[in-house]
Structure formats: C-alpha cells, structure tokens
Amino acid sequence: MSASPIHPEPVPLWLKIVIIACCAPVAGFFNLMSLCPPAAESRTLLWLYPFYVFAAGICAWMCAGSRRAVTWILLVLLLLTHVAMWLLVDPMLISWLR
C-alpha cells in the first residue's frame, strides 16, 4: 500500500469570502465585553472567544481544499459559537423567539 500525497484543490474565492464572513462577527467582541457583568464567570469564555474564532477560521481555510465537509462543519460550529456568546452575555435575546 503506497501512500500518495494529497493534492488539495485550490480554495475557490466564494468559499474564502464565506469563511471570512463567518469569522467577521468577532468584531463585536468589545461590545460583548462591555455588556458582560464585571464579576461574571462568563468573562473567561469571552476572552477565549476571539482565539477560538481565529483557530476555527484557519482550520476551515486549511480544510477547504481537501475536505470540504469538514470546512462546512467547522463553519456551522463557528456560527453557533457566535450565537452562544451573545446569549451568554444577554440571555434576554432569546425572548424574541417566543
């Protein structure tokens, strides 16, 4: 059994734009920090949030050429993380769903 090197396809421009757009909501990080109570335990998760977004974006970009399904899974998890961080800071945002 020979190990053949993986030749990833080039990442299309539209997918690069989607990955960047999925990472863009992290720009509201300082707004989230200002809404979070000063003594809340959630501040630790909020400080880890930008690092996670950066790491997930890089991983999605790296997987885009060879493992497209993994890219989409990472992007969906990234979007769910954005929603979770906003709900962590302001749980009343979910009241508009009722």
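Trainee: Which residue forms a salt bridge with E9, and how far apart are the closest N and O atoms?
Mentor: R68 forms a salt bridge with E9. The closest N and O atoms are 3.7 Å apart. Keep in mind that this is a predicted model.

Trainee: Where do E9 and R68 sit in the chain?
Mentor: E9 is in the segment before helix 1, and R68 is in helix 4. They are 59 residues apart, so the pair links distant parts of the chain.

Trainee: How many salt bridges does the count come to?
Mentor: One salt bridge.

Trainee: How accessible is R68?
Mentor: R68 has a relative accessible area of 28%, which makes it partly exposed.

Trainee: Back to that first segment. Is P10 buried or exposed?
Mentor: P10 counts as exposed, at 70% relative accessibility. P10 also lies in the segment before helix 1.

Trainee: Switching to rings. How many aromatic pairs does the structure hold?
Mentor: Three aromatic pairs. One of them is W14 with W72, and that pair is stacked. Their centres are 6.2 Å apart, with 25° between the planes.

Trainee: Why does W14 with W72 count as stacked?
Mentor: The angle between the planes is 25°. Planes under 30 degrees apart count as stacked.

Trainee: Which helices hold W14 and W72?
Mentor: W14 is in helix 1, residues 13-23. W72 is in helix 4, residues 68-89.

Trainee: What are the relative accessible areas of W14 and W72?
Mentor: W14 has 47%, and W72 has 36%. W14 is partly exposed, and W72 is partly exposed too.

Trainee: What about the rings of F29 and F30?
Mentor: Their centres are 5.2 Å apart and their planes are at 65°, so the pair is edge-to-face.

Trainee: Is F29 buried or exposed? And F30, buried or exposed?
Mentor: F29 counts as buried, at 6% relative accessibility. F30 counts as exposed, at 65%.

Trainee: Which residues form the aromatic cluster?
Mentor: F29, F30 and W47 form one aromatic cluster.

Trainee: On to helix 3. How many residues has it, and how far does it reach?
Mentor: Helix 3 covers residues 42-63, which is 22 residues. From first C-alpha to last it reaches 30 Å, close to the 32 Å expected.

Trainee: Where is the kink in helix 3?
Mentor: At Y49, shortly before the proline P50. The kink is about 30°.

Trainee: Which residues in helix 3 are buried?
Mentor: S42, L46, Y49, V53, A56, G57, A60 and C63. So Y49, where the kink lies, is among the buried residues.

Trainee: What do the buried residues of helix 3 pack against?
Mentor: Helix 1, helix 2 and helix 4.

Trainee: And A21, where is that found?
Mentor: A21 is found in helix 1. It is partly exposed, with a relative accessible area of 47%. The C-alpha atoms of A21 and V76 are separated by 12 Å, and the two are 55 residues apart along the chain.

Trainee: Last topic, confidence. What is the mean pLDDT of the protein chain?
Mentor: The mean pLDDT is 87, and 91% of the residues reach 70 or more.

Trainee: Which helix is lowest in confidence, and which is highest?
Mentor: Confidence is lowest in helix 2, residues 29-35, at a mean of 88. Confidence is highest in helix 1, at 95.

Definitions and conventions. Residues numbered from 1 in each chain as written. Predicted model: local features only at pLDDT ≥ 70, side-chain atom pairs only at ≥ 80, totals over all residues. Heavy atoms only, no water. Phe/Tyr/Trp six-rings, centres within 6.5 Å; stacked < 30°, edge-to-face > 60°. Helix = DSSP H or I, 4+ residues; strand = E, 2+ residues; numbered from the N terminus. Buried < 20%, exposed > 50% of the residue type's maximum accessible area, 1.4 Å probe, protein only. pLDDT = per-residue confidence, 0-100. Salt bridge = Lys/Arg side-chain N within 4 Å of Asp/Glu carboxyl O. Expected span 1.5 Å × (residues − 1). Bend = angle between axes of the 7 residues up to and from the residue. Contact = heavy atoms within 4.5 Å.
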